Amino acid sequence: KLYENTSFEMHEKFVKGITLKVSINDITESFIDEIYKTVTENKGKAILKFIIFSPEKNGNGKNTWLQMFSRTHSVDINNNLLKYLDNNPFIEYKLE
């Protein structure tokens, strides 16, 4: 849990973005509503990226995935956002 050990000034200075990795199987209408609400409540300057992947292997034995970023939403990497992500274990995230 990064937010317990790191100052937010450090986040603002060094973190330029966040990538959320989610399985296509976990993307529901309720998830979309929740993530939209969380992002709009935590507006900021950090770039928001997503990796959506299929847990099933393709013909080459690899996962199929799609990486994209939001052109209209950026986020503040703060305590509320990080707690939300930590409370949803199906969302993997990486600070960049």
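Analyst: Two residues are in contact when heavy atoms lie within 4.5 Å. The model is a predicted one.

User: What does isoleucine 18 touch, not counting residues up to four places away in sequence?

Analyst: By that cut-off, isoleucine 18 touches Ile47, Leu48, Lys49, Val75, Ile77, Leu81, Leu85, Tyr93, Lys94 and Leu95. Ile18 also belongs to the largest nonpolar core, which has 18 residues. Within that core, the residues touching the most other members are Ile18, Leu20, Leu48, Val75, Ile77, Leu85 and Ile91.

User: Which elements give two or more residues to this core?

Analyst: They are S1, H2, S2 and H3. In soluble globular proteins, nonpolar side chains tend to be buried together.

User: What is the order of elements in the protein chain, from the N terminus on?

Analyst: The order is α-β-α-β-β-α-β. That makes 3 helices and 4 strands. The chain has 96 residues, and 33% of them count as buried.

User: How do you know that the span of helix H2 agrees with its number of residues?

Analyst: Helix H2 covers residues 29–41, which is 13 residues. At 1.5 Å a residue, H2 should span 18 Å. The end C-alpha atoms of H2 are 18 Å apart, so the two values agree.

User: Which residues of H2 are buried, and where do they lie around the axis?

Analyst: Phe31, Ile35, Thr38 and Val39 are the buried ones. They cover an arc of only 95° around the axis, so they sit on the same side of H2. The other side of H2 has Glu29, Tyr36, Lys37 and Glu41, which are exposed.

User: What do the buried residues of H2 pack against?

Analyst: Their partners are strand S1 (17–23), strand S2 (43–57), strand S3 (63–75) and helix H3 (79–86).

User: Why is serine 23 called buried?

Analyst: Buried means under 20% relative accessible area. Serine 23 has 7% relative accessibility, so it counts as buried. Serine 23 is in strand S1. Beyond four places in sequence, it touches Phe53 and Pro55.

User: Which residues is tyrosine 93 in contact with, leaving aside its neighbours within four places in sequence?

Analyst: Ile18, Thr19, Leu20, Leu82, Leu85 and Asp86. Leucine 82 is 11 residues apart from tyrosine 93 along the chain, and their C-alpha atoms are separated by 9.2 Å.

User: What makes a space a cavity and not a pocket?

Analyst: In a cavity, a 1.4 Å probe fits but cannot get out, whereas a pocket is an open set. The structure holds 1 cavity of 30 Å³ or more. The largest cavity has about 40 Å³ of space. Its lining is Ile18, Leu20, Ile35, Val39, Leu48, Val75, Leu81 and Leu85. S1, H2 and H3 each give two or more residues to that lining.

User: What is the volume of the largest pocket, and which residues line it?

Analyst: The volume is about 230 Å³. The lining residues are Ile27, Phe31, Ile32, Ile35, Tyr36, Val39, Leu48, Phe50, Ile52, Met68, Ser70 and His73.

User: Which element gives the most to the lining of the largest pocket?

Analyst: H2 does, with 5 residues. H2, S2 and S3 each supply at least two.

Methods
Residues numbered from 1 in each chain as written. Predicted model: local features only at pLDDT ≥ 70, side-chain atom pairs only at ≥ 80, totals over all residues. Heavy atoms only, no water. Expected span 1.5 Å × (residues − 1). Buried < 20%, exposed > 50% of the residue type's maximum accessible area, 1.4 Å probe, protein only. Arc of directions from axis to C-beta. Core = buried A, V, L, I, M, F, W, Y, C linked by side-chain atoms within 4.5 Å. 1 Å grid on protein atoms, 1.4 Å probe; cavity = no way out; pocket = protein on both sides within 12 Å on 5 of 7 lines; lining within 4 Å. Points joined across faces, edges and corners; volume = space filled by probe spheres on them.
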